[in-house]
Number of protein chains: 2
Amino acid sequence: MTGESTHHTTGYLASDEFAAMLDRLGEVAVRTGLNVLPGQQVILTAPLHAVPLVRRVTEHAYRAGASLVTTFYSDDQTTLARYQYGAEDTFDTAAGWLAKGMADGFREGAARMAITGGNPALLAGQKPDHVSRASKAASIVNRPAMEIITNFDINWCIVAAATPEWAQQVFPHLPPQQALEELWRAIFAVSRLTGPDPVAEWATHNAILHRRATFLNDARYAALHFTGPGTDLTVGLADGHDWAAGAEKAGNGVVCNPNIPTEEVFTTPHRLKVEGHVSSTKPLSHQGTLIDGIHVRFEAGRIVDMQATKGQDVLARVLDTDEGSCRLGEVALVPHSSPISRSGILFQNTLFDENAASHIALGQAYTKCMRDTEGQDEASLAARGANTSMIHIDWMIGSGQVDVDAVTADGSHTPLMRQGEWVVEA
Amino acid sequence: MTGESTHHTTGYLASDEFAAMLDRLGEVAVRTGLNVLPGQQVILTAPLHAVPLVRRVTEHAYRAGASLVTTFYSDDQTTLARYQYGAEDTFDTAAGWLAKGMADGFREGAARMAITGGNPALLAGQKPDHVSRASKAASIVNRPAMEIITNFDINWCIVAAATPEWAQQVFPHLPPQQALEELWRAIFAVSRLTGPDPVAEWATHNAILHRRATFLNDARYAALHFTGPGTDLTVGLADGHDWAAGAEKAGNGVVCNPNIPTEEVFTTPHRLKVEGHVSSTKPLSHQGTLIDGIHVRFEAGRIVDMQATKGQDVLARVLDTDEGSCRLGEVALVPHSSPISRSGILFQNTLFDENAASHIALGQAYTKCMRDTEGQDEASLAARGANTSMIHIDWMIGSGQVDVDAVTADGSHTPLMRQGEWVVEA
């Protein structure tokens with residue numbers, strides 16, 4: 001980047017070891033994550049700082065037979081320029097023509113890969129009204145493409161690249177270069193890339209996750225019951241819910257891992273059958289604001305009472321997005337001993353943080369977590385309990401102090417997790 | 001760009017002077033070049049190395065009232081990866097979904113800005129069959145968007161950013177850093193940015209170009225006659241041709257400068273009325289190959305005989321693209337004293353090189369260089385002489401040794417240029 005590179009890359013980030021790990025991440029993203037088909041196009045989004053990883057992903061995609069890789073870069077500086085210099089009446093604008101083009105690309109067979117890693121605090125200083133208007137405008141035009149993803153019609157995958165601004169948010173007390181190195185090392189470690197054969201290790205990990213999902217699917221539980229400090233929550237499960245985990249077969253027949261890393265076993269709650277109160281166990285980073293100390297009460301699936309010790313106004317706006325934004329679209333079980341939890345790092349990025357603890361998500365449900373969806377429209381799925389919203393925001397409620405029971409239709413309880421760990425052998 | 005920046009930027013490229021010139025280029029690109037409307041979206045394409053200029057352009061666009069700037073970056077390394085690792089049967093693939101999206105964006109009102117500056121020799125070592133198949137596939141899907149540009153339906157602008165690989169091609173004997181500096185300085189100078197008020201200087205320059213175009217339009221000449229070493233060429237002009245130059249009003253009503261820099265006064269030749277032979281006066285850089293020493297003979301508008309001392313096979317493939325690729329779509333007059341000619345630099349980039357000498361272009365004609373086009377379809381315009389093709393390749397035939405006469409319908413000659421300079425006072 002002519003004229004603006006102001007620091008010399010040295011140490012770990014200039015080492016062969018780093019280059020080899022980055023290549024492993026690219027290979028796992030393409031082979032394990034996306035599992036791109038020969039002849040398939042790939043639509044890739046990434047922050048500008050992820051150029052080196054984009055290049056590794058692109059090479060592995062072409063080696064695997066991809067016909068064309070098209071990358072869309074986001075640049076924090078130009079994103080900020082909009083808020084700094086844009087005119088008041090322009091924030092409801094979104095690139096509908098591009099969103100439609102991408103959705104067409106998916107319908108015509110393209111796979112979707114996202115590299116995440118933008119600065120989580122980027123928009124923290126901007127006018128909340130501008131941020132939420134722009135975000136809503138983008139959500140509306142992106143909805144058709146997002147539905148293809150949430151319906152799991154195509155193979156897709158998200159991986160992360162460390163960026164200087166994100167690293168500084170995660171490690172505010174380290175010098176910038178060291179923070180960046182630490183974040184990269186953490187990503188490599190929790191993405192299970194440090195062993196002798198990461199692709200094989202991922203196959204083993206996927207098998208363990210599948211056994212847990214199969215156990216839960218065979219049992220056909222009616223609800224989960226979470227108890228812990230500040231938490232006594234019953235989450236009813238949708239009629240014909242399906243537990244998913246790790247690698248899954250997309251609608252186009254491709255078995256892919258949508259998230260690298262992933263530690264969760266997850267399904268669809270019933271939008272009308274969530275009761276009780278729950279406390280967050282980790283902060284939630286949303287559009288640059290940390291929301292912390294969340295405590296909410298549900299009645300008949302709906303949040304009826306909410307408070308947060310930090311970021312309460314942002315949370316209130318989120319809940320107010322649409323009809324479905326104050327109901328649940330996902331519930332997920334993650335052991336407290338997961339590599340991400342053990343790292344002790346708050347990544348401030350859902351891809352990682354949701355794999356550190358059991359969690360629930362406000363908003364849109366995943367159709368792939370429902371059985372027998374063939375020919376069912378949104379209304380039929382809603383009648384079975386699947387929630388609809390423009391948002392999908394994960395929010396951590398598990399910890400080493402939280403227990404989870406499964407509840408059958410007749411009301412009997414089976415322990416699933418004690419002190420955050422699985423107690424069923426699956 | 002984490003992990004891959006291997007050189008420290010120092011000297012001119014780290015100076016305030018360079019930053020100020022880059023900002024001027026961004027301002028002229030937005031204000032003089034694109035003249036973006038308040039509320040208008042901007043679709044921007046750029047090579048990755050142009051990030052600093054993209055940021056200047058984006059800021060000026062938002063300051064001018066743009067509602068949203070969307071940038072698509074190209075990366076030479078990932079482009080190369082396709083040719084290095086792509087499977088044999090994948091090179092006819094193009095991102096049709098994206099091309100369609102961009103065309104929709106233009107139809108919905110977006111303006112188009114392109115930053116050029118990729119490595120002109122990037123694909124020189126790749127299999128010509130793969131390069132031409134990929135290029136043809138891209139041309140086909142990009143055609144609707146290209147027609148919007150060639151029809152001048154919307155305001156658009158091309159500017160250039162120096163990149164290390166391009167600079168090395170232009171200045172092969174300089175060290176990389178110095179080559180890059182020299183190319184940037186050349187771009188700033190020939191883009192008329194070094195005076196006290198570039199936007200005002202561009203207004204004056206545009207006025208001079210307009211006077212010349214008005215003179216030629218008032219005269220309604222039937223043909224141009226080029227004579228010089230190896231050249232005796234009569235270029236008949238299309239019926240109802242229109243001379244254009246500098247800032248022009250696009251179909252959406254916006255007065256813009258499609259090229260920064262521009263020195264040419266240009267119009268549409270008659271596709272059936274070009275006779276004689278012509279020699280190139282500068283090399284032509286096409287997809288990484290330098291084509292030089294071109295000599296061709298026209299009969300009834302068609303190239304019937306062709307030779308080149310360098311790159312003849314590439315030129316042959318270009319001429320073989322489609323029905324219209326061996327006929328002319330543009331003729332342009334440029335004084336030998338233009339700043340680009342005086343710089344003595346072969347930029348190997350059409351944006352600059354076409355403004356160093358009078359030239360002709362193989363392929364597609366510009367509808368904006370035809371009068372009374374309202375309601376006329378392609379067949380009507382073709383009957384008036386406008387050529388159609390997937391390509392538009394400019395090719396320099398002027399020099400300090402070339403004279404140009406205007407020829408009226410009754411065969412009388414008027415001197416326009418002698419030894420490459422204008423001899424009419426307009």
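The model is a predicted one. Chain A and chain B bury about 4800 Å² between them, and two salt bridges are found across their interface.

**Cysteines**

- A disulfide is a covalent bond between the sulfur atoms of two cysteines.
- For A:C157, the closest cysteine sulfur is that of A:C256. The two sulfur atoms are 7.4 Å apart, so they are too far from each other for a bond; the cut-off for a disulfide is 2.5 Å.
- A:C157 is buried, its relative accessible area being 1%.
- In chain B, B:C326 is likewise buried, with a relative accessible area of 7%.

**Extent of the interface**

- The contact draws 52 residues from chain A and 52 residues from chain B.
- Of the area of about 4800 Å² that the two chains bury, 61% lies on carbon and sulfur atoms.

**Polar and charged pairs across the interface**

- Two salt bridges link chain A and chain B.
- B:R55 pairs with A:D75 in a salt bridge whose closest N and O atoms are 2.8 Å apart.

**The chain A side**

- Two or more residues each come from β1 (41-47), α2 (51-63), β2 (68-74), α3 (76-85), α4 (96-107) and α7 (176-190) of chain A, on the side that touches chain B.
- By class, this side of chain A comprises 23 nonpolar, 20 polar and nine charged residues.

Methods. Residues are numbered from 1 along each chain as its sequence is written. Chains are lettered from A and ligands numbered from 1 in the order in which they are written. This is a predicted model: local features need pLDDT of at least 70, side-chain atom pairs count only at pLDDT 80 or more; totals for chains, interfaces and linings use all residues. Side-chain values use heavy atoms; hydrogens and water are left out. Buried means under 20% relative accessible area, exposed over 50%, partly exposed in between (1.4 Å probe, protein chains only). Contact means heavy atoms within 4.5 Å. Buried area is the accessible area (1.4 Å probe) that two parts lose on being put together, summed over both. A salt bridge is a side-chain nitrogen of Lys or Arg within 4 Å of a carboxyl oxygen of Asp or Glu. Helices (H or I, at least four residues) and strands (E, at least two) are DSSP runs, numbered from the N terminus. Ala, Val, Leu, Ile, Met, Phe, Trp, Tyr, Cys and Pro count as nonpolar, Asp, Glu, Lys and Arg as charged, and the others, Gly among them, as polar.
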